[in-house]
Amino acid sequence: MWKSLLKLSATLVLSVSYMANAGVVVESTRYLYKEGAREISAQYENKDDTPYLMKSWIEPPEGASNSYFMVTPPLFRLEAKQRNTVRVFPNAYISNAPKDRDSLYFFNIMSIPPSSDSVDGENTLQLAVRHRMRLIYRPKAIQNININDEVKKLEWKKSGTTITLKNPTPFFIYFKSVKINNKEFMNAIPHIGPYSTQDYKLPFDVSGKQIEWRIATEHGGMGSINTSSIR
(Lines give C-alpha, C1' and ligand atoms only; values in the text may rest on other atoms or scores of the structure.)
Protein backbone atom coordinates (compact mmCIF):
# COMPACT_ATOMS: atom_id res chain seq x y z
CA MET A 1 0.00 0.00 0.00
CA TRP A 2 1.28 3.48 -0.92
CA LYS A 3 1.53 5.85 2.01
CA SER A 4 1.64 9.63 2.03
CA LEU A 5 5.07 11.24 2.12
CA LEU A 6 6.08 12.46 5.55
CA LYS A 7 6.57 16.20 5.87
CA LEU A 8 9.92 17.49 7.06
CA SER A 9 9.88 18.46 10.73
CA ALA A 10 11.95 21.07 12.51
CA THR A 11 12.38 18.63 15.39
CA LEU A 12 15.37 16.30 15.16
CA VAL A 13 14.49 12.67 15.77
CA LEU A 14 17.10 10.10 16.76
CA SER A 15 17.56 6.94 14.68
CA VAL A 16 15.77 8.27 11.62
CA SER A 17 16.22 6.17 8.49
CA TYR A 18 16.57 8.11 5.22
CA MET A 19 15.44 6.35 2.03
CA ALA A 20 15.85 8.35 -1.20
CA ASN A 21 15.07 6.73 -4.50
CA ALA A 22 17.65 7.36 -7.21
CA GLY A 23 16.80 4.36 -9.32
CA VAL A 24 14.43 5.92 -11.88
CA VAL A 25 16.31 7.15 -14.94
CA VAL A 26 14.87 9.46 -17.60
CA GLU A 27 16.22 9.13 -21.13
CA SER A 28 16.87 12.84 -21.73
CA THR A 29 17.46 16.11 -19.90
CA ARG A 30 15.53 18.23 -22.41
CA TYR A 31 12.83 17.83 -25.03
CA LEU A 32 11.84 19.66 -28.21
CA TYR A 33 8.27 19.81 -29.47
CA LYS A 34 7.78 21.21 -32.98
CA GLU A 35 4.44 22.75 -33.82
CA GLY A 36 2.53 20.39 -36.09
CA ALA A 37 3.82 17.20 -34.50
CA ARG A 38 1.17 14.96 -33.02
CA GLU A 39 3.13 14.16 -29.87
CA ILE A 40 6.57 13.41 -28.42
CA SER A 41 7.45 10.65 -25.99
CA ALA A 42 9.66 10.22 -22.93
CA GLN A 43 10.90 6.93 -21.55
CA TYR A 44 11.44 6.10 -17.87
CA GLU A 45 13.48 3.17 -16.60
CA ASN A 46 13.37 1.80 -13.07
CA LYS A 47 16.79 0.36 -12.25
CA ASP A 48 15.84 -0.49 -8.65
CA ASP A 49 14.47 -3.71 -7.21
CA THR A 50 11.38 -1.92 -5.90
CA PRO A 51 8.46 -0.28 -7.76
CA TYR A 52 7.74 3.45 -7.78
CA LEU A 53 4.63 5.54 -8.27
CA MET A 54 5.36 7.91 -11.17
CA LYS A 55 3.68 11.30 -11.48
CA SER A 56 4.29 13.48 -14.57
CA TRP A 57 3.17 17.00 -15.45
CA ILE A 58 4.27 20.11 -17.35
CA GLU A 59 4.43 23.49 -15.68
CA PRO A 60 2.52 26.34 -17.33
CA PRO A 61 4.50 29.35 -18.56
CA GLU A 62 5.19 32.05 -16.01
CA GLY A 63 2.10 34.11 -15.36
CA ALA A 64 -0.28 31.53 -16.90
CA SER A 65 -2.80 29.51 -14.92
CA ASN A 66 -3.14 26.72 -17.49
CA SER A 67 -0.46 24.43 -18.88
CA TYR A 68 -0.07 24.29 -22.66
CA PHE A 69 0.81 20.57 -22.63
CA MET A 70 -0.57 17.32 -21.24
CA VAL A 71 1.17 14.10 -20.23
CA THR A 72 -0.43 10.67 -20.47
CA PRO A 73 -0.53 8.64 -18.35
CA PRO A 74 -0.08 11.31 -15.68
CA LEU A 75 0.16 8.74 -12.88
CA PHE A 76 1.21 5.09 -12.99
CA ARG A 77 3.16 2.41 -11.16
CA LEU A 78 6.58 1.59 -12.60
CA GLU A 79 7.59 -1.92 -11.64
CA ALA A 80 11.09 -2.95 -10.62
CA LYS A 81 13.56 -3.30 -13.53
CA GLN A 82 10.90 -2.16 -15.99
CA ARG A 83 10.51 0.66 -18.52
CA ASN A 84 7.51 2.70 -19.50
CA THR A 85 6.81 5.50 -21.97
CA VAL A 86 4.65 8.58 -21.51
CA ARG A 87 3.31 10.78 -24.30
CA VAL A 88 3.44 14.58 -24.31
CA PHE A 89 1.06 16.55 -26.50
CA PRO A 90 -0.29 20.11 -26.64
CA ASN A 91 -3.79 21.15 -25.65
CA ALA A 92 -5.96 24.05 -26.80
CA TYR A 93 -4.00 26.58 -24.75
CA ILE A 94 -0.97 26.13 -27.02
CA SER A 95 -2.53 28.77 -29.29
CA ASN A 96 -1.29 31.32 -26.73
CA ALA A 97 2.36 30.33 -27.25
CA PRO A 98 4.66 32.78 -29.10
CA LYS A 99 4.60 32.35 -32.87
CA ASP A 100 7.97 33.95 -33.64
CA ARG A 101 10.38 32.22 -31.23
CA ASP A 102 11.05 29.19 -29.04
CA SER A 103 9.21 29.13 -25.72
CA LEU A 104 10.26 27.31 -22.58
CA TYR A 105 8.26 24.99 -20.32
CA PHE A 106 9.27 22.51 -17.63
CA PHE A 107 8.55 18.79 -17.84
CA ASN A 108 8.34 17.33 -14.32
CA ILE A 109 8.62 13.69 -13.33
CA MET A 110 8.25 12.62 -9.70
CA SER A 111 9.10 9.12 -8.50
CA ILE A 112 7.49 8.21 -5.17
CA PRO A 113 8.84 5.19 -3.24
CA PRO A 114 6.59 2.63 -1.53
CA SER A 115 6.48 2.17 2.22
CA SER A 116 8.80 -0.48 3.61
CA ASP A 117 7.36 -3.16 5.90
CA SER A 118 10.87 -3.95 7.13
CA VAL A 119 11.11 -0.70 9.05
CA ASP A 120 7.71 -0.73 10.77
CA GLY A 121 7.98 0.87 14.17
CA GLU A 122 10.97 3.00 13.18
CA ASN A 123 10.99 6.68 12.35
CA THR A 124 11.36 6.88 8.58
CA LEU A 125 11.52 9.69 6.08
CA GLN A 126 10.63 8.68 2.54
CA LEU A 127 11.64 11.13 -0.15
CA ALA A 128 10.12 11.58 -3.57
CA VAL A 129 12.64 12.49 -6.25
CA ARG A 130 11.67 15.01 -8.92
CA HIS A 131 13.32 15.35 -12.33
CA ARG A 132 12.71 18.81 -13.84
CA MET A 133 13.60 19.01 -17.53
CA ARG A 134 13.24 21.72 -20.13
CA LEU A 135 10.63 21.40 -22.85
CA ILE A 136 11.06 23.73 -25.82
CA TYR A 137 8.12 24.56 -28.09
CA ARG A 138 9.22 25.56 -31.60
CA PRO A 139 6.55 27.23 -33.79
CA LYS A 140 6.26 26.53 -37.53
CA ALA A 141 7.36 30.07 -38.44
CA ILE A 142 10.97 29.35 -37.45
CA GLN A 143 11.28 25.64 -38.21
CA ASN A 144 12.79 26.27 -41.66
CA ILE A 145 15.42 28.66 -40.32
CA ASN A 146 18.82 27.01 -40.06
CA ILE A 147 19.85 27.23 -36.41
CA ASN A 148 23.48 26.46 -37.31
CA ASP A 149 23.58 29.65 -39.38
CA GLU A 150 21.75 31.65 -36.73
CA VAL A 151 24.15 30.80 -33.89
CA LYS A 152 26.93 32.56 -35.80
CA LYS A 153 25.11 35.80 -34.91
CA LEU A 154 25.74 35.45 -31.16
CA GLU A 155 27.56 38.47 -29.72
CA TRP A 156 30.11 38.02 -26.92
CA LYS A 157 31.58 40.65 -24.59
CA LYS A 158 33.97 40.15 -21.70
CA SER A 159 34.76 42.29 -18.68
CA GLY A 160 36.98 40.64 -16.10
CA THR A 161 35.30 37.39 -15.16
CA THR A 162 31.91 38.38 -16.63
CA ILE A 163 30.76 37.28 -20.09
CA THR A 164 27.83 39.19 -21.59
CA LEU A 165 26.10 37.20 -24.30
CA LYS A 166 23.49 38.57 -26.69
CA ASN A 167 21.27 36.14 -28.59
CA PRO A 168 19.55 37.95 -31.49
CA THR A 169 18.01 34.70 -32.79
CA PRO A 170 14.55 33.17 -32.18
CA PHE A 171 16.08 29.98 -30.76
CA PHE A 172 16.66 28.71 -27.23
CA ILE A 173 20.33 27.68 -27.44
CA TYR A 174 22.08 24.98 -25.38
CA PHE A 175 25.86 24.90 -25.39
CA LYS A 176 27.93 21.74 -25.59
CA SER A 177 31.22 23.62 -25.42
CA VAL A 178 32.37 27.20 -24.77
CA LYS A 179 36.13 27.82 -24.86
CA ILE A 180 38.32 30.87 -24.37
CA ASN A 181 42.04 30.37 -24.90
CA ASN A 182 41.29 26.63 -24.99
CA LYS A 183 39.74 26.76 -21.48
CA GLU A 184 36.31 25.15 -21.19
CA PHE A 185 33.49 27.24 -19.66
CA MET A 186 30.37 25.34 -20.74
CA ASN A 187 29.27 24.77 -17.13
CA ALA A 188 29.33 28.53 -16.54
CA ILE A 189 27.49 29.29 -19.81
CA PRO A 190 24.98 26.44 -20.28
CA HIS A 191 22.22 28.09 -22.37
CA ILE A 192 20.49 31.30 -23.40
CA GLY A 193 16.92 32.17 -24.38
CA PRO A 194 15.77 33.72 -27.68
CA TYR A 195 16.12 37.47 -28.24
CA SER A 196 17.83 37.92 -24.87
CA THR A 197 21.02 39.26 -23.31
CA GLN A 198 22.51 37.61 -20.25
CA ASP A 199 25.57 37.95 -18.01
CA TYR A 200 27.53 34.87 -16.95
CA LYS A 201 30.14 34.77 -14.20
CA LEU A 202 33.25 32.76 -15.05
CA PRO A 203 34.96 30.79 -12.26
CA PHE A 204 38.24 32.61 -13.03
CA ASP A 205 39.58 35.25 -15.39
CA VAL A 206 41.18 34.16 -18.64
CA SER A 207 42.89 36.10 -21.39
CA GLY A 208 42.03 35.69 -25.04
CA LYS A 209 40.49 37.65 -27.88
CA GLN A 210 38.51 34.79 -29.42
CA ILE A 211 35.78 32.51 -28.17
CA GLU A 212 34.86 29.13 -29.59
CA TRP A 213 31.51 27.45 -29.04
CA ARG A 214 29.48 24.44 -30.11
CA ILE A 215 25.75 24.05 -29.55
CA ALA A 216 23.64 20.98 -28.85
CA THR A 217 21.77 19.57 -31.82
CA GLU A 218 18.07 18.66 -31.73
CA HIS A 219 18.97 15.10 -30.73
CA GLY A 220 21.48 16.09 -28.06
CA GLY A 221 24.61 15.73 -30.19
CA MET A 222 27.36 18.31 -30.66
CA GLY A 223 27.11 20.86 -33.46
CA SER A 224 29.87 22.36 -35.57
CA ILE A 225 32.54 24.74 -34.20
CA ASN A 226 31.83 28.47 -34.27
CA THR A 227 34.32 31.22 -33.44
CA SER A 228 34.02 34.93 -32.79
CA SER A 229 36.09 37.76 -31.39
CA ILE A 230 35.32 38.95 -27.86
CA ARG A 231 34.72 42.65 -27.57
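**Salt bridges and one serine**

A: Asp-205 is partly exposed, with 46% relative accessible area (buried is under 20%, exposed over 50%, partly exposed in between, with a 1.4 Å probe and protein chains only). This is a predicted model, where local features need pLDDT of at least 70, side-chain atom pairs count only at pLDDT 80 or more, and totals for chains, interfaces and linings use all residues. Residues are numbered from 1 along each chain as its sequence is written, and side-chain values use heavy atoms, leaving out hydrogens and water.

Q: OK, which residue does Asp-205 form a salt bridge with?

A: Lys-158, with the closest N and O atoms 2.7 Å apart (a salt bridge puts a side-chain nitrogen of Lys or Arg within 4 Å of a carboxyl oxygen of Asp or Glu). Asp-205 lies in the loop between β17 and β18 and Lys-158 in strand β12, so the pair ties together parts 47 residues apart in sequence (strands are DSSP runs of E, at least two residues, numbered from the N terminus).

Q: How many salt bridges by this rule?

A: The count is 14. Lys-34, Asp-102, Arg-138 and Glu-218 are linked in a network of them.

Q: And Arg-138, buried or exposed?

A: Buried, at 6% relative accessible area, while Glu-218 is partly exposed at 44%. Their side chains meet in a salt bridge of 3.8 Å, N to O.

Q: New topic. Where is Ser-103?

A: Ser-103 is in strand β9, residues 103-112. Ser-103 counts as buried because its relative accessibility is 8%.

Key. Helix = DSSP H or I, 4+ residues; strand = E, 2+ residues; numbered from the N terminus.
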